[in-house]
Each structure stands twice: as C-alpha cells, then as structure tokens.
Amino acid sequence: MTYFIQLLISGLVVGSIYALSALGFVLIYKSSRVLNIAHGQIIASGAFIAYALTVYAGVPLVISFFLSMAITFFLSMAVERVFLRRLIGEPIISVIMVTIGLMSIIDGVIYLTPFGSTNMSFPKFFPPEPLNLLGATVSWTQVVGVILTAIIIAALSWFFKNSTLGISMRAVSDDQLASMSIGISVPKVFGLAWALAGLTAAAAGGIIGNITGLNFDTLHAFGIIVFPVVILGGLDSIGGAVVAGIIMGLIQQFAAGYLDGNWGLQGTAEVLPYIILLILLLFKPHGLFGTHEIERV
Amino acid sequence: MATNRWLATGNFFTSYKEEQRIFLTNIDRLCLWLLIAALYAWPFFVETSNKGMLVLDNILIAMVAILGLNLVTGFAGLISIGHAAFVGVGAYTTALIASGLGTDHVFLTHAWPVVIVLSGMVGAIFGGIVGLPALRLKHLYLAIATLSFQMIFQWVINFSKLFNQGQTMSVGRVFWLTGKVGRKDHYLFWYFAVLTIVVISGFLVRNLLRTRYGRCLVAVRDNDRAADAMGMHPGFTKVYAFALAGFFAGIAGSLHCYLYRGAGIESFTLHQSISYLAMAIVGGLGTLSGSFFGPAAIRLLDLGVENLSSWSSTFLPSTMNIATALRPLTFGLVIVLFLMFEPRGIANWWRIIKSYFKLWPFKY
C-alpha cells in the first residue's frame, strides 16, 4: 500500500510538471496552429539559465527562478520575432519544419556550453529531511514544485479569463480574420503566445532541475513527452493539457513501478506514452477535451 | 507540327501527352545517359581511397532514403520526423535475417537483392501502420505519430535481446559473379550496387509521378477536399504515401546494413531523422532532382563540419565536445535558412541554371 501511495505521489508530482510543460505547447498551437517541436529545448534553456544565474552569478535561487522565467519570456519572443514572424502566411508545414530546425540549433548551442555533457544539480534550498505522507515520503522540493505549478496554472487561467490580452488571444485562436477586423494585432498575439510558452517552459525547467538535477537528456525527454500529453488532452485545450499531464505522469510512474522487471520488460515508462499516443491517434484523435473539427465545403 | 526534338526554346505543348514527357528534348535525354554512364565509368579510371568511396556510398544510400522522404513530405505534404526509424526497420530486417539464418547463410550472401527488396517491403508495412491515423485525422498531427514511432523504435531496439540491445548485429560479405566480395573491393562493389538502385528508383519515382497514383499524392497535398471530390480517398492516399516512404527507407536501411556489415542503433536516432529532413529541405521539397542534390550537399557539409571540429580540437580544451555541438547547429541553421530564404531548395537553383541555357540568348 505504501508503495502504491509512493507511486501515486510521485506520479502526481511528475504529472503536474508535464502539465506545466504541455501548457506552453498548447498555447502556441492554439493561437497559431504551429506544433512547436523545439519546446523541450526551451524548457532546457530555461533550466540552464536559472542554474547559471544561481551558481555563476550568485543570485539567490528564488530570484533566479523568476528571473529565468523573465529571460526566457523575452528569448522566445525574440525567437518568434526573428524566425517565425516572417513565415506568417507561408504553409504551416514549413513553419513546423522551422521549429524542427530550431530544435537542432538550440541543441547545438547547449552542447557548446558545459551543460550539454555534464550533470549538475541546484544548490540545496529546502530542508533536506522529507515529508511523511501516509507512509510515503515526499521531498520539500517536490511539494513546492507542485504548489508552484498550481499557482502558475491558476494565474494563467485567470489571465485568459479576465484580462483584455488574454481574451484577445482566445479570440485569435478562435478566428484570426474576425479578430483582425475588430482591431487585434495577430502577429503581436503570436509573439505573446510564444513568450508565455517560454515563461511556462522556464518554470517547468526550473522545477525539474530542482527535483531531478540538471541533465540535458532528461530535460530533452520532457520536451518530447509533451506530445503524448497534448494529444491525450486534445491539442487545443488548456484544461485538457493539465488533466492529461497528470494522467500521463501517473501512467508512467505506475508502469515503472509495476511493469518493469516483470515479463522481461524494462524502461516501459519511456515507451508507454508513445504507444498510448499512437493508439489514441487511431481511435480518439481529438483527445479528451479537444474540439472536433467540422468541415463544410 | 513537326517539332525539333533536339532543341527547344520555351515550352510549347499541344497535348497533355507532350507535357507528361520525362525528357523535353533529346539533348536532355542524352545528357542524363551520359551522366549515368560517367558515374559508372569513372571508378575504372580514377584511383580512389576506401574512405572516399565510403562517403560516396553514404551519399547514394541517403539518396534512396530521401526519395522516400520526398514522396511523403514533399509530394504528399506530411512531415515525417521518424524517417531514420524507417531506415532502421529495413536495416534491422536484414540484420534479423542474418542473426536468424547465420551471418553467412546463402540467402543473405547470394540472394542479397531479394533481401534488400524484402527489407523494403517490411519498411513499407511499418510505414503503412504509422500512417494509419491519417484515415481518421487531417492536418499535421501525423508528424507526432512519426515522432512517436521513432521513440518506440529506439526503445524496442535498445531494450530487447533479439536486437542485441542496440549493439552492432553483424552481416556477412556478399557474393557476386566473380566470387566473394573481398575487403578491398567492398566499397567499390557497393558503389556500383547502390548506384544501380538509385538509378532504378529514380526512374520508378519519376514514372510514378506521371501516373494517377503519383498525381493523387500532389492533389491531396494541395487540397484534400478537392481531391476527395474528384474521387480520391485522402486517407488511403496518405497511408499509401507513408508506405512508399517506408519502402524506400527500408531499402536504404538494408543497403546501410550491408555496407557497414552490421546494424547499430546509433545510425537511426532522432538526430539522424532530422538530418534526413534537412537533406530533403535543402535539396528541395517536392522535386525529384532535389532528392539527389540534398543528400550530396548535406553529407559534404557534414564532412566539412567533421574536419572543422577535428581541426578546432587542436586548440580548444578537450572538455568541449565540438563535434556533437556543431553538427546539430549546422543542420538546424541549414534547415531554417533554407526554409526562410530558399524554400524551393537547391533544385530551384538548378532549374534557374537550366532555364538560362534554354532561353539563351534571351533574358530569363
């Protein structure tokens, strides 16, 4: 039973980080229909910026966490400005391929820095002795990570519901032409969507970095696992991304806990999400909460 | 109208049949045959090192793979981020035959063309399976399906004993009319073999694009609703595009396996998939000649990067692994720059050069 609770809790922790990473991906897809393949690299750069600020520049961890979010906010805004703004109006296939190119470029840049090949960990910030919850242990970093994720998601949903900018973003994702006609600048909204995606990605990266330590391959994997999560949740649903993230985290932890080692299976947590993804695409391609597109000629 | 079949200035077609011709003029035809003859003949006159030959073999194998990728991404308009995995399916089919029958079994060493085609078929089956979601959904979701196939493929290879957990599985040397192909002639022999396959599959694809089965790929890419209204099935067309891509990828994989005399996971990773995509983009998506320019350009660029990184490692600290950094960096830059400034790729430069000579002395 303790084992089950332990898996449940770690699944929730991992799942909430997945939710946060998937959020940024959905933001970009919702506003501009672009599948951002480079999302994992943005997560990684957010984490590395936070680390560089903490360790090399000596900024306190909390401040550097928020500072890295701000930096990535502007970085991904710049990426949108430089690479994607001039592709507006081009077929969406070439925009997606540009993000594949971006993924490769950011990979290369990170390999140039010492972060590409070495493992690092953030300085300890929270009390080292873990919390005891129904017999299972949870570290303070995990608790704080989950709380932070919840706060960011709540803030974003407030932003989309109440602020003018958020409402105009929702308008653009609904109908670009109509929103242009009422005076919303669509390119600006695209830029903002990328910037917000960068912000959430940096937050996700910082939390992952604090929980598991900094390893480029791990952070990279977090970027690719986003795809099964968003397909499960429905590509254009923010709420779906959150629910699906948590479901995917639970599935992974339970798979790792109960399947590995039995029947000669290994590393099932790495592959199960993708198998689920392929099956979902076959039978329920719009996921749990995605909108069904109705085509009329 | 009696037309001069040797020289033509401008395009004057009076029937669809004329427009469908592979060669516009007899000069075009002559040039191509001369080029192919030259490609076959030059190794007899020029002495080359094994290393140089290996580079050429790699370029030719990549050409076969890119013919497939160009069919699915260029002509049918579906992004495939898992092409290296399909190549891997072909390679591991050959490697499995080797480990099942023994590395020097007659089937593997004498009937190698059969093995190559068989690997292509297995690749086509996997391509079709990955393409199946196309029956249900539109747009570019399929890119995600191919990406997940890439991840599943890597996991299966890395974690199963059958595939030696990603370590190299060896394949024996093949036989030809003159007997066993020895160590000295290995790369030269495969140069001729792969060149033949490139020529055959180039003609196959060119002719496919003249038939309804090829044109329906382009129709579905350009407007799937209109294609639907004209009696094509967009879903099946996409599945069939993926199967075709898988077929060529499988052949390329099998050739790779024979050339390196084994298959290992490191040649079929996500990075490799991206470099295949770079080749298709640089060559020119949706053009046949681009499938030949792209691999050559990217492999030569790769060689340049390798030389640059080995040169720079003489004065840079050894902790910096410059080769692993520069390769994705250059590939990514090449993809992005080409998409932004020359989306039609090198094939477009080739088209401009050709039309310059065709229209000479008039201005383009």
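## About the model

This is a predicted model, in which local features need pLDDT of at least 70 and side-chain atom pairs count only at pLDDT 80 or more, while totals for chains, interfaces and linings use all residues. Residues are numbered from 1 along each chain as its sequence is written, and chains are lettered from A and ligands numbered from 1 in the order in which they are written.

## Two domains of chain B

Chain B is divided into domain 1 (49-268) and domain 2 (270-364), with bounds that come from an automatic or database domain assignment. The centres of these two domains of chain B, taken over C-alpha atoms, are separated by 21 Å.

In chain B, 23 residues of domain 1 are in contact with 20 residues of domain 2, where contact requires C-beta atoms, placed from the backbone, to lie within 7 Å. On the side of domain 1 of chain B that touches domain 2 of chain B, α3(B) gives the most, with 13 residues; helices here are DSSP runs (H or I, at least four residues), numbered from the N terminus.

## A crossing between chains

The axes of helix α9 (residues 216-233) of chain A and helix α7 (residues 142-159) of chain B come within 10 Å and cross at roughly 130°; axes are lines fitted to C-alpha atoms over the stretch in contact, and angles run from 0 to 180 degrees between N-to-C directions. The contact is made by Ile224(A), Phe227(A) and Ile231(A) of α9(A) together with Ile144(B), Leu147(B), Ser148(B) and Met151(B) of α7(B).

Technical notes: Contact = placed C-beta atoms within 7 Å. Helix = DSSP H or I, 4+ residues; strand = E, 2+ residues; numbered from the N terminus.
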